[in-house]
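Good morning, everyone, and thank you for making the time. Please have the sequence and the model open while I talk.

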Amino acid sequence: MPVTAVVGAQWGDEGKGRVVDVMASQAHMVIRFQGGDNAGHTVVNNHGKFALHLFPCGIFFPHVHNVLGTGMAVNPRSFLTEMKVLNDAGVETAPNRVHISERAQVVMPYHVLIDGLEEEARGGNAQGTTKRGIGPCYTDKAARVGLRMGDLTDAGHLGAYLRQVLDVKNRLLTRVYDHEPLSYDDLFEQLLDWGRQLAPYIKNTHPLVQQALREDRTILLEGQLGALRDIDWGIYPYVTSSSPITGGSATGAGVPPHRISNIIGVVKAYTTAVGEGPVPTELTDPMGETLREVGEEYGATTGRPRRCGWFDAVAVRYAAELCGFSSIAVTKIDVLDQLPTIKVCVAYDVDGERYETVPDTRVMARARPIYEELPGWQEPTTSARTWHDLPPNAQAYLARISELAGGVNICMVGVGPHRKDTLFLDQQHSEVA
Ligand code: GDP
Ligand code: IMO
Ligand code: MG
């Protein structure tokens with residue numbers, strides 16, 4: 001499978017990190033194609049437990065090239081912090097296998113500040129962003145006034161750039177938000193220092209990616225967040241500012257769409273979301289609390305409790321349609337182990353009308369889930385290693401998810417957070433599913 005996109009099928013945090021970590025053993029290159037350190041991709045393997053924010057999840061295999069792609073928004077401070085965490089754990093991050101696209105956007109200190117100030121100003125209408133500066137950074141990108149990673153290594157360009165933009169940013173900070181201005185000299189020094197430290201990593205990644213494509217190498221495109229937070233197709237405005245769906249992977253990684261021959265949708269066995277916006281199956285009762293506690297559903301980046309609910313097949317089918325999943329990887333089936341019955345949302349009711357697909361956010365906000373109930377299996381699944389090790393009711397649950405997602409085969413099942421807690425389903429088994 002030369003080029004495989006691994007994308008989130010729900011509201012984010014589906015377990016993309018663990019899926020990429022598992023698959024990276026066979027890969028030549030992993031490219032993160034959008035987003036920034038709003039991501040928290042948890043990987044649990046022989047090196048320990050990590051929440052990766054910027055580094056692609058191929059970093060744990062020394063033979064893998066890890067590319068921070070052009071579609072990303074990179075906060076240099078976070079990159080350096082994360083590199084230290086990895087190095088301290090004995091994970092090597094040499095610049096001959098970690099490549100930051102010189103075309104990726106820089107998340108500037110004022111982006112982070114403005115994200116927080118904007119959220120505060122929205123009051124009761126806050127969007128629940130991660131406050132990592134992602135929205136303001138992509139705003140500058142779209143307005144064509146952003147700074148790119150390559151610019152950090154060019155003092156002349158940097159100085160001219162700052163002289164042009166900082167005055168405007170400071171007027172925004174002081175006049176709109178009543179905040180202290182940022183000092184030109186301090187910011188210039190800070191950026192130069194980051195540029196010096198990151199210079200070995202910042203490259204034109206295009207030739208590297210094209211060479212890997214020419215040689216038919218195995219490449220993974222690692223998505224951030226999920227389809228329901230896509231800037232165009234998600235629950236706007238409660239979305240991120242980039243495109244986490246498969247289409248975004250081609251643009252952000254610089255890979256022609258027709259070269260993506262395999263698309264894996266990562267699907268959690270139930271629903272979670274952090275941040276605001278409609279989540280029709282959200283449970284605010286003790287069952288929601290049970291899912292949160294058993295699933296340890298707290299944000300990997302902000303630590304916020306995740307909103308939890310039953311599996312939403314309408315949302316996953318919508319994601320499958322938008323992304324064109326070749327197969328799905330279903331994670332966290334073990335979290336449902338103890339439940340006597342499990343609900344699955346098969347359609348929405350909006351003011352008495354049945355919806356089989358995700359409507360626009362205004363309408364989605366009024367969607368009530370229509371459930372079907374399946375029997376639980378009430379036995380542990382974490383030691384399962386093949387399809388046949390799973391209890392029949394767990395098999396039936398997975399089969400139903402696969403059917404409701406539009407008849408997409410299941411390629412992988414997560415029965416625990418560790419790399420080893422993974423079932424790989426071959427064609428025969430996925431046909432069963
Ligand atoms: P990502 O952002 O899509 O990579 O997902 P996160 O890392 O934010 O959230 C997924 C959480 O579920 C992490 O804490 C993972 O360690 C955990 N996880 C992933 N797969 C499984 C699984 O199959 N079972 C259990 N119990 N936990 C899992
Ligand atoms: P991973 O990659 C879950 C959510 C925020 C908010 C919205 C916009 O780990 O799945 P932003 O900071 O991007 O402007 O916030 O998106 N959000 C995430 N939710 N997992 C993430 O990343 C997220 N990144 C952003 O909570 O609702
Ligand atoms: Mg996450």
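This is a predicted model: local features need pLDDT of at least 70, side-chain atom pairs count only at pLDDT 80 or more; totals for chains, interfaces and linings use all residues.

Residues are numbered from 1 along each chain as its sequence is written, chains are lettered from A and ligands numbered from 1 in the order in which they are written, and side-chain values use heavy atoms, with hydrogens and water left out.

Let me start with the magnesium ion, ligand 3, which is coordinated by Asp13 through OD and by Gly40 through O, at 2.0 to 2.1 Å. Donors here are N, O and S atoms within 2.8 Å of the metal (3.2 Å for Na, K and Ca), and since water is not among the atoms, sites may look incomplete. Asp13 sits in the loop between strand S1 (3-8) and helix H1 (16-23), whereas Gly40 sits in the loop between S2 and strand S3 (41-45), 27 residues apart. Helices (H or I, at least four residues) and strands (E, at least two) are DSSP runs, numbered from the N terminus.

An oxygen atom of ligand 2 is 2.7 Å from a side-chain N or O atom of His41, and an oxygen atom of ligand 2 is 3.1 Å from a side-chain N or O atom of Gln224. The protein covers 98% of the 550 Å² of accessible area that ligand 2 has on its own, an area from the Shrake-Rupley method with a 1.4 Å probe.

Turning to strand S2 (residues 29-32), we find both faces covered, with Met29 and Ile31 on one side and Val30 and Arg32 on the other, all buried, that is, under 20% relative accessible area with a 1.4 Å probe, protein chains only. S2 pairs in the parallel sense with strand S5 (residues 65-68) over 4 bridges, pairing being at least two DSSP bridges between two strands, and Met29 stands opposite His65. S2 also pairs in the parallel sense with strand S10 (residues 219-226) over 4 bridges, where Arg32 stands opposite Glu222.

Finally, 5 of the 6 residues of strand S19 (residues 409-414) are buried, so S19 is largely enclosed by the rest of the structure.

Technical notes:
Buried means under 20% relative accessible area, exposed over 50%, partly exposed in between (1.4 Å probe, protein chains only). A polar contact is a pair of N or O atoms within 3.5 Å; within protein, one must be able to donate a hydrogen and the other to accept it, and residues adjacent in sequence count only if both atoms are side-chain atoms.
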